[in-house]
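Have the viewer open as you read.

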Amino acid sequence: MAYGDLSPISREPMRPPAPLRVVFGALFVALLINLLPWSGTPLLIRPDFVLLVLLFWAVHEPRIIGQGMGFALALVMDVADSALLGQHALAYVIATFLAQVLRLRILQLTVAEQALHVGGILFVSTAVMLLLNSMLGRDFPGVALFLSPILGAMLWPVVRAVTAWQKLRLPPPTTMMR
Amino acid sequence: MYQEPFFTRGPSPLARLTFFSLLAIVVMIADHRFRALDTVRLAVSVVLHPVERAMALPGDLASRVGDYFTSQDKLLADNRVLERKVLELAAASQQAQLLKSEHERLIRLAAANDRFANQGIVAEIIRDARNPFNRRIIVDKGMAHGLRGGLPVIDGGGVVGQVTAVGTLTSEVTLITEKDQSVPVMLVRNGLRAVSVGMGKDGTIDVPFIPASADIRNGDVFVTSGIDGLYPPGLAVATITSVEKNAAFQFARIIGTPASGVDNHRFVMVLNNPAAATYPIPDVAGEERKGARERGSRAQRPAPANIRKPEQ
C-alpha cells in the first residue's frame, strides 16, 4: 500500500454483522459433515470442517464466536469421535486463539494468503491432537494425517464463499424494513 | 437506557487461552484418570445419536439398494453354504450340550461356579468409531438392551473385543487388536497360559512374556482361559502366525492374527456373561472402608456363632 493511500485497509468494519442463524447454521452444517460415517483413510485425511468454520467465524465475527464456543463444540466432537474428553477442546482452543491473534492480519490478505495462514493454524491443531494421542500411548496413524490441514486450507475459499454469501445475510423477508 | 460500553473487550485472548487450556487439561485428567465424566459423555451422546443416525442414512440406503440388486446366483450359493454350516454346527452344538450338562454335573460335585455364558445379545455394527487413533466399533445395542461395560463381544470366528462405553441405544466396542487391549488366553494344544495384547494399527496380536523355551509353534490356536472372569473360557482368540526365538532374549516374540473377522463383520454377539457378575472389578477403596468397619464392629461385640457354640 502506497503512502498516502486513503482506501480502507479492510472493508470488514463496514460490513454488517452476520445474523446469528447464519453463524450457528454454518457451524451446525459443519458438525453434520463431521458426523458422516467416515472411516479408514478418508477419515485420516478428512479436514476438520467444524474447526474450519469455527476459525472463519473467529476471524469474521469475533464478538459472537470465540474460545468458549470452540471449547463447547470440541466437547461434542470428543463424544462423537469416542476420544478422550478434552482432547479436541485443547486443539480447538489453541486454534481459535491463533485465529484471534492473527485476525487483523488475515483480514487484509488475499484469499490464497489467508488459506496459507489457516493451513498453519489447522496444522498446529492436528499436531496438538497427535501429541495428546501419543502421550496416551497410541500409535502414529500415518503421514496421511498431515494431508488433513492441507485439504482444510484448500477448502478455506469454499467456506469463505459460502458463509459470506450475501443472500444468507439478508434479514428474513417478514422483518425487512420498507 | 442501558448502553453497552463502546469498547467491550473482556479478558484478553491470552487470558482466555490460559483459562480454557487449563479447563481442557482438567477435563482430560478427570476423564482419563477418574472416569468422572461418563455422565457428560452419556448426555451428549443421547443428543448426538439421532443426528448421527440421520447422517448415516444415505450410506445405509445406498448399501441396502446394493443388497437388493445382488444376483440370485449369489444368494442361492450363500444359502447353500449357510445350510451346510447349520448342519455342521447342529451336530457340534448337540455334542456341546451333552458336554455342558456333564460339565455342570461335575462342577456341582466340586461345588464350583458355572462359567459358561448362557445368554447373548445379537448386535449390528453401525460403523467404525471416527477416530484414526484407535480401533473401536459402534454397535446398535446399549443400556436399554441390558449391555454394560466390560462384556465380551464375539462373532462366528471368536472374540471380537469388549464393550468399553455404553450409551442408551448404542455402545462402543474396543477390538482385541486395539493397542494394549489384553485378553487372558490359553494354548489349546497344551494349556499354556498367556495374555494376548493388541498391536494397534496393523491388526495383529502380540503374546508377550512367553519364555523362549516354551512349546509353541506356528498355527497354534489361543482360546480365552477364563481366569479373568470376564471372558468365558474356550472362545477362540488368535492363531499364531510367527514365532521368533532368539537366544539373546529371554522371551519368544509371538505374533498372531485374530480368529474373529475383527474388521469385516456386520453382526456380533455380546455375551451377557453371568460369570462377569460373580467377579466384580475390585473396588479397593470400598473394600478397605468395609474392612475397617467390620473390624470396628467385631471389636464392639463378639460374633453370635461364638456364643452359641458351647451349648451345642
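Chain A has eight helices and zero strands, where helices (H or I, at least four residues) and strands (E, at least two) are DSSP runs, numbered from the N terminus. Keep in mind that this is a predicted model: local features need pLDDT of at least 70, side-chain atom pairs count only at pLDDT 80 or more, and totals for chains, interfaces and linings use all residues. Residues are numbered from 1 along each chain as its sequence is written, while chains are lettered from A and ligands numbered from 1 in the order in which they are written.

**The two chains**

- Along the sequence, chain A reads α-α-α-α-α-α-α-α.
- Buried residues account for 40% of the 178 residues in chain A, and for 27% of the 312 residues of chain B. Here a residue is buried if 20 or more other C-beta atoms lie within 10 Å of its own, exposed if 12 or fewer, and partly exposed in between, with C-beta atoms placed from the backbone.
- Take the contacts between residues at least 6 apart in sequence: in chain A, 69% of them join residues at least 24 apart, and in chain B the figure is 58%. A contact means that the C-beta atoms of two residues, placed from the backbone, lie within 7 Å.

**Nonpolar cores**

- A nonpolar core is a set of buried Ala, Val, Leu, Ile, Met, Phe, Trp, Tyr and Cys residues joined through C-beta atoms within 7 Å.
- The largest one has 52 residues, and the members touching the most others are Val53(A), Leu54(A), Leu55(A) and Tyr92(A).
- Two or more residues of this core come from each of α1 (20-34), α3 (49-60), α4 (67-80), α5 (87-107), α6 (111-135) and α7 (147-163) of chain A, and also from α1 (13-34) of chain B.
- Leaving out residues up to four places away in sequence, Leu55(A) touches Ala95(A), Ala99(A), Val118(A) and Ile121(A).
- There's also a second, separate core of 37 residues, including Val160(B), Leu175(B), Ala194(B) and Ile205(B).

**Where A meets B**

- Chain B puts 38 residues into the contact and chain A puts in 35.
- On chain B's side, α1, α2 (38-68) and β1 (120-128) each supply at least two residues.
- The largest share of that side, twelve residues, belongs to α1(B).
- By class, chain B's side has 19 nonpolar, seven polar and twelve charged residues; Ala, Val, Leu, Ile, Met, Phe, Trp, Tyr, Cys and Pro count as nonpolar, Asp, Glu, Lys and Arg as charged, and the others, Gly among them, as polar.
- The axes of α4(A) and α2(B) come within 9 Å and cross at roughly 85°. Axes are lines fitted to C-alpha atoms, for helices over the stretch in contact, and angles run from 0 to 180 degrees between N-to-C directions.
- That makes α4(A) and α2(B) roughly perpendicular, the word used for 65 to 115 degrees (under 35 is roughly parallel, over 145 roughly antiparallel, the rest oblique).
- Leu75(A), Val76(A), Val79(A) and Ala80(A) of α4(A) meet Arg41(B), Val44(B), Ser45(B) and Leu48(B) of α2(B).

**Residues to click on**

- Leu85(A) sits in the loop between α4 and α5 of chain A and counts as buried because it has 22 C-beta neighbours inside 10 Å.
- Not counting residues up to four places away in sequence, Leu85(A) touches partners including Leu75(A), Asp78(A), Val27(B) and Arg41(B).
- Met135(A), in helix α6 of chain A, is exposed, with 10 other C-beta atoms within 10 Å.
- Arg35(B), in the loop between α1 and α2 of chain B, has a phi near 50°, a positive value in a residue other than glycine.

**Confidence**

- The model scores ipTM 0.83 and pTM 0.77.
- Chain B averages a pLDDT of 80, with 79% of the residues at 70 or above; pLDDT is the predictor's confidence in each residue, from 0 to 100.
- Within chain B, α1(B) has the highest confidence at 92, and helix α6 (residues 304-308) the lowest, at a mean of 41.
- Over residues 296-312 of chain B the pLDDT is below 50, and this stretch has two contacts in the model beyond near neighbours in sequence.
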